[in-house]
Amino acid sequence: MNEWTDEKLAELPVRDHVRQRGLAATRLEAFCDAAFAFSVTILVISTGGVPGSYAELMAALRDVPAFAASFTAIAAFWAAHRMWSQRYGLEDRTSTFLSLAMVFVMLIYVYPLKMVFGALASWVSGGALPAKFSIASREELVGLFVIYGLGFAAQSAMLGLLYAHALRVPELRLNALERLRTRHKIESYVVMGGTGLVSALYAAVMPGWMGVWAGFIYATLPITMTIQANRQVRQAERLEEAT
């Protein structure tokens, strides 16, 4: 770990009130980048083989919306880990364990991720974009949303724990504003993880086919995250003015 002197800290670029201590890519970040890229490869393979005719091409194109949504979700978690790495540049034992755990969960999470977005695309399009799987019973529907919710919560938890770990590393010499922004990230991932757990619990306890609405609980995230972001910005501005 770098020894952060006042001179070195003063030379660092600042993004979102946090000095970027990890702009030089670490081996851990490189491995995580490769693992997330492999997750996308699994996503591509899951769509089937290369089309051998025009009809197969058109059938494959109907899978693009679900693939795009799944790719966006994977990219969002990758970008979140990249932001953490650039902010703190940590490569100690705890950071390595949490990052590898995040990669492990992602490699499992990619399958229910594709199924959930495939089902959503089919529902929104009225069957014009058919899903390449079937749900035969409520138990299967419950299982899908429970697995997806637990995966989403686990990914959020790993990111929250990475920020919590950075907050406990004195060698980083975080100032008051940086510590506040770090706590803000922890709060955000608690909200995200809690949303995933609520969705999984809803799917498990609701009677009949009402469990299908578990997926729409994630639609609350733009509202809750926006409210939280506005509150966090005000807190940061007050602290910045005070210091």
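What share of the chain's contacts with a separation of 6 or more comes from residues 24 or more positions apart? The share is 79%.

## Fold and dimensions

This is a predicted model. The chain holds eight helices and two strands. Read from the N terminus, its elements follow the order α-β-β-α-α-α-α-α-α-α. The C-alpha trace spans about 65 × 40 × 30 Å along its principal axes.

## Burial and surface

The chain has 243 residues, and 40% of them are buried.

Charge is carried by 21 positive and 19 negative side chains. The centres of the two sets lie 3 Å apart.

## Aspartate 16

Aspartate 16 sits in the loop between strand S1 (14-15) and strand S2 (18-19). Its phi is positive, at about 55°, although the residue is not a glycine. Is aspartate 16 buried or partly exposed? Aspartate 16 counts as partly exposed because its relative accessibility is 38%, between the 20% limit for buried and the 50% limit for exposed.

## Arginine 173

Arginine 173 belongs to the loop between helix H6 (138-167) and helix H7 (176-205). This residue, other than glycine, has a positive phi near 55°. With a relative accessible area of 39%, arginine 173 is partly exposed.

Conventions. Residues are numbered from 1 along each chain as its sequence is written. This is a predicted model: local features need pLDDT of at least 70, side-chain atom pairs count only at pLDDT 80 or more; totals for chains, interfaces and linings use all residues. Side-chain values use heavy atoms; hydrogens and water are left out. Helices (H or I, at least four residues) and strands (E, at least two) are DSSP runs, numbered from the N terminus. Buried means under 20% relative accessible area, exposed over 50%, partly exposed in between (1.4 Å probe, protein chains only). Contact means heavy atoms within 4.5 Å. Lys and Arg count as positive and Asp and Glu as negative; His and the chain ends are not counted. The place of a charge is taken as NZ of Lys, CZ of Arg, CG of Asp or CD of Glu.
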